[in-house]
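Please take a moment to look over the sequence and the model before reading on.

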Amino acid sequence: MDLNIYDFTSFTKWVDTALNSVMSPGWTMLVELVIVGIVFIAAYAVIGLYLVLAERKVCAIIQNRQGPNRVGPFGLFQTIADLFKLLGKELISIKNADQFLFNLAPFILIIASFMAIAALPFAKGLHAIDLNIGIFYMFAVSSLGVIGILLAGWSSNSKYSLIGAIRSGAQVVSYELSVGLALLSVVIFSGSMQLSTIVESQANGWWIIKGHIPALIAFIIFLIAGTAETNRGPFDLAEAESELTAGFHTEYSGIKFAFFFLAEYMNMFIVAAIASTVFLGGWMPFHLGGFESLNHVMDFIPPVIWFFGKTAFVIFIMMWIKWTFPRLRIDQLLKLEWKYLLPLNLMNIVLIAFIVLMGWYIK
Amino acid sequence: MELNQFIFFLLSGLILIFSVLAITSRKILRAAVYLLTVLVATSGLYFMLNYEFMAAVQLTLYAGGIVVLIIFSILLTSHISHKFEQPALANVFAGALTGILGCGVAIWSIIKFPFVATTQPALVVDMKVVGTQLMNTGNYGYALPFEVISVLLLAAMIAAIIIAKKGN
């Protein structure tokens with residue numbers, strides 16, 4: 001076997017041929033599906049848990065505190081201990097709730113985010129499924145998550161949950177438009193919806209550099225709309241503690257609550273990963289067209305590190321926003337989307353189409 | 001059984017069972033969730049056919065759009081304890097008859113269609129072709145239907161706003 005940290009294509013090929021040599025093609029398919037599934041579940045849990053820890057640390061630094069520092073070195077095992085605590089908690093069953101939908105809701109949220117990470121390119125050749133409409137697919141499945149929130153709010157049979165769910169529904173449905181239009185701008189630049197092609201098209205510079213001002217506007221709009229779509233602060237009025245106790249997941253306890261919590265952080269990871277893939281080059285190292293020596297130096301850093309580094313950077317920006325800005329009111333939230341972001345976005349799209357038509361971007 | 005066949009039977013079984021459940025359920029939000037399962041399984045069928053664009057459209061428009069709207073309106077109008085009563089026998093009879101008739105028409109047209117088996121690889125649907133065809137005014141172009149539908153949607157939206165504003 002040849003495990004090359006810069007290009008996983010030969011490694012995955014090697015796994016495929018090795019499995020094919022010992023079993024029939026049907027079984028190979030099945031075993032590969034199981035392997036990929038297990039890898040994703042493990043990554044999901046680890047990334048989710050450490051994002052929670054990162055959030056608490058970033059929050060602590062911004063608020064001039066220490067943050068978790070008791071469990072393990074620098075508090076590294078804090079969230080794992082929290083997970084075991086949540087696993088051991090009682091699952092409270094709600095009287096007069098719709099038990100079936102109540103139990104189903106967290107799974108819909110989890111499944112939607114699982115379907116989205118399946119199409120992410122983590123590194124060269126490390127890509128579970130490369131659909132020719134990759135970015136559209138990500139947009140499509142990430143819009144399913146809101147159904148889980150709506151179901152959770154309604155089936156809990158509680159006022160707080162219902163109001164939280166309705167707020168969240170209005171928010172997600174309206175901000176989805178901005179997310180889609182901001183992604184569309186990069187689709188116009190690169191001329192493709194396939195994520196691997198979009199990443200390849202940034203081999204001589206990331207789109208945020210090549211597309212200069214319009215791409216920067218689209219990136220900022222995507223960050224705002226993505227933060228709103230994941231129900232994170234300052235757009236977290238679906239779970240505003242001071243007015244709605246906890247919004248749509250008020251009635252959930254134990255591991256079911258942990259599912260909501262995990263899905264929220266994974267959705268943040270997905271938004272950051274999409275932002276870094278389409279605007280910041282994904283696993284593509286920092287390249288500038290014409291600067292060959294710089295490009296060679298940058299190539300020494302493996303693509304996996306580039307991908308996770310950029311994603312971590314975008315996640316840090318999102319956490320920074322959350323802990324810096326005060327929460328919006330619902331009317332301010334809807335006004336921001338429908339009166340500012342959407343018209344700006346539409347004008348930006350027309351501008352980008354014109355720029356691409358005239359060839360005024362860096363090729 | 002091949003894995004392909006197994007997944008086909010799984011998806012079509014899901015579609016059949018959940019579409020029956022969607023119309024027989026007495027709880028309205030559960031019916032909406034069963035409908036969601038049917039629509040997601042249908043997009044799974046499109047994925048099996050390698051028609052990813054259609055599958056993603058199915059997911060965004062139907063599962064992510066229409067079902068979300070349905071659930072949203074249920075949330076605003078209906079209470080959790082509300083349960084539909086059993087419909088009158090005449091209604092059940094008329095509904096079943098219409099369903100069987102529609103099913104008959106669908107099955108008849110499927111049997112009549114000459115399906116030709118082929119070993120050629122599936123066609124790759126290029127997004128550029130879909131895009132230029134949508135904006136095309138020539139043969140098989142969709143520019144005019146597209147514009148007509150957008151005018152219709154605009155009219156519907158204005159009408160909805162006027163109805164909503166009527167009180168004040």
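Helices (H or I, at least four residues) and strands (E, at least two) are here DSSP runs, numbered from the N terminus. The model is a predicted one, in which local features need pLDDT of at least 70 and side-chain atom pairs count only at pLDDT 80 or more, while totals for chains, interfaces and linings use all residues. Residues are numbered from 1 along each chain as its sequence is written, and chains are lettered from A and ligands numbered from 1 in the order in which they are written.

H2(A) has 38 residues and covers 54 Å between its first C-alpha and its last, close to the 56 Å expected at 1.5 Å a residue (the expected span of a helix being 1.5 Å times one less than its number of residues). Buried in H2(A) are A:Gly48, A:Leu49, A:Leu51, A:Leu53, A:Glu55 and A:Lys57, where a residue is buried if 20 or more other C-beta atoms lie within 10 Å of its own, exposed if 12 or fewer, and partly exposed in between, with C-beta atoms placed from the backbone. These buried residues of H2(A) pack against helix H3 (78-87), helix H12 (254-278) and helix H14 (303-324) of chain A; for packing and contact, two residues count when their C-beta atoms, placed from the backbone, lie within 7 Å.

Just after H2(A) comes A:Asn64, with a positive phi of about 60°, a positive value in a residue other than glycine. A:Asn64 is placed in the loop between H2 and H3 of chain A, and it counts as exposed because 6 other C-beta atoms lie within 10 Å. A:His212 also has a positive phi, near 25°, but A:His212 lies in helix H10 of chain A and counts as partly exposed because it has 14 C-beta neighbours inside 10 Å.

Helix H14 of chain A, one of the helices that H2(A) packs against, holds A:Thr311. Why does A:Thr311 count as buried? A:Thr311 counts as buried because it has 25 C-beta neighbours inside 10 Å. Leaving aside residues up to four places away in sequence, A:Thr311 touches A:Phe269, A:Ala272, A:Ala273 and A:Ser276.

Further along chain A, helix H15 (residues 330-358) has 29 residues and reaches 41 Å from its first C-alpha to its last, close to the 42 Å expected at 1.5 Å a residue. H15(A) has a kink of about 35° at A:Leu341, shortly before the proline A:Pro343, the bend at a residue being the angle between axes fitted to the seven residues ending there and the seven starting there. A:Leu341 is also among the buried residues of H15(A), which include A:Leu333 and A:Glu337. The buried residues of H15(A) pack against helix H7 (159-190) and helix H10 (212-229) of chain A, and just after H15(A), A:Gly359 takes a positive phi of about 75°.

At the level of domains, whose bounds come from an automatic or database domain assignment, chain A is divided into domain 1 (9-88) and domain 2 (92-358). In chain A, 16 residues of domain 1 are in contact with 20 residues of domain 2. On the side of domain 1 of chain A that touches domain 2 of chain A, H2(A) gives the most, with 11 residues.

The contact between the two chains takes 29 residues from chain A and 23 residues from chain B.

Chain B itself has six helices and zero strands. Its radius of gyration is 20 Å, well over the 15 Å that the globule rule gives for 168 residues, so chain B is more spread out than a compact globule; the radius is taken over C-alpha atoms, and the rule is 2.2 Å times the number of residues to the power 0.38. Of the 168 residues of chain B, 14% count as buried. The domain assignment of chain B gives domain 1 (3-123) and domain 2 (126-168), whose C-alpha centres lie 25 Å apart.
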